[in-house]
Amino acid sequence: MSIDWAALGSVFGVSLVTTVVLVGLFTLGIAGLSRQERAAAEGGSAGLAVTGAYACFAACAAAVAYGIYLIVA
């Protein structure tokens with residue numbers, strides 16, 4: 001039995017980058033919703049922040065769904 005270290009390193013690198021990107025997108029979504037609450041408290045509107053937050057959450061959900069599709073197929 002031998003280990004293909006190049007393939008293992010490749011899988012590790014892709015997993016690391018994907019994880020960082022997904023966590024970053026989710027963090028941006030939470031920050032957008034936080035801005036909406038702050039704007040509502042000050043009497044303003046943050047429609048663009050909410051739209052961006054929902055777009056970030058949708059991108060996270062799409063990436064997770066694609067990962068599940070790859071595993072099942």
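In helix α2, the buried positions (under 20% relative accessible area, with exposed meaning over 50% and partly exposed in between, using a 1.4 Å probe and protein chains only) are V50, A53, C56 and C60. These buried residues of α2 pack against α1, where contact stands for heavy atoms within 4.5 Å. The model is a predicted one, with local features needing pLDDT of at least 70 and side-chain atom pairs counted only at pLDDT 80 or more, while totals for chains, interfaces and linings use all residues. Residues are numbered from 1 along each chain as its sequence is written, and side-chain values use heavy atoms, with hydrogens and water left out.

On the α1 side, G29, G32 and A39 are buried, and the buried residues of α1 pack against α2 in turn. Helices here are DSSP runs (H or I, at least four residues), numbered from the N terminus. Helix α1 covers residues 5-42 and helix α2 covers residues 47-72. Just after α1, G43 takes a positive phi of about 90°.

Now for the lengths, where the expected span of a helix is 1.5 Å times one less than its number of residues. With 38 residues, α1 reaches 55 Å from its first C-alpha to its last, close to the expected 56 Å. For α2, the 26 residues should span 38 Å, and the end C-alpha atoms sit 37 Å apart, which agrees.

Next comes the packing geometry. Two packed helices are described by the angle between their axes and the distance between the axes. For α1 and α2, the angle is about 155° and the axes are 8 Å apart; axes are lines fitted to C-alpha atoms, for helices over the stretch in contact, and angles run from 0 to 180 degrees between N-to-C directions. That makes α1 roughly antiparallel to α2 (over 145 degrees; under 35 is roughly parallel, 65 to 115 roughly perpendicular and the rest oblique). The crossing of α1 past α2 is left-handed, as the term goes when the near helix is turned anticlockwise from the far one by less than a right angle.

As for who touches whom, α1 brings L22, L25, F26, L28, G29, I30, G32, L33, R35 and Q36 to the contact, and α2 meets them with A49, V50, A53, Y54, C56, F57, A59, C60 and A63. Sorted by class, this contact has 15 nonpolar, three polar and one charged residues. In that scheme Ala, Val, Leu, Ile, Met, Phe, Trp, Tyr, Cys and Pro go down as nonpolar, Asp, Glu, Lys and Arg as charged, and the others, Gly among them, as polar.

A59, in helix α2, counts as partly exposed at 31% relative accessibility. Between A59 and G29 there are 10.0 Å in space, C-alpha to C-alpha, against 30 residues in sequence. T27, in helix α1, is partly exposed too, at 47% relative accessibility; T27 and A53 are 26 residues apart in sequence and 9.1 Å apart in space, C-alpha to C-alpha.

L8 belongs to helix α1 and is partly exposed, with a relative accessible area of 45%. Its C-alpha atom is separated by 39 Å from that of A49, 41 residues apart along the chain. V72, in helix α2, is exposed, with a relative accessible area of 67%. V72 and T18 are 54 residues apart in sequence, and 19 Å apart in space, C-alpha to C-alpha.

Key
Helix = DSSP H or I, 4+ residues; strand = E, 2+ residues; numbered from the N terminus.
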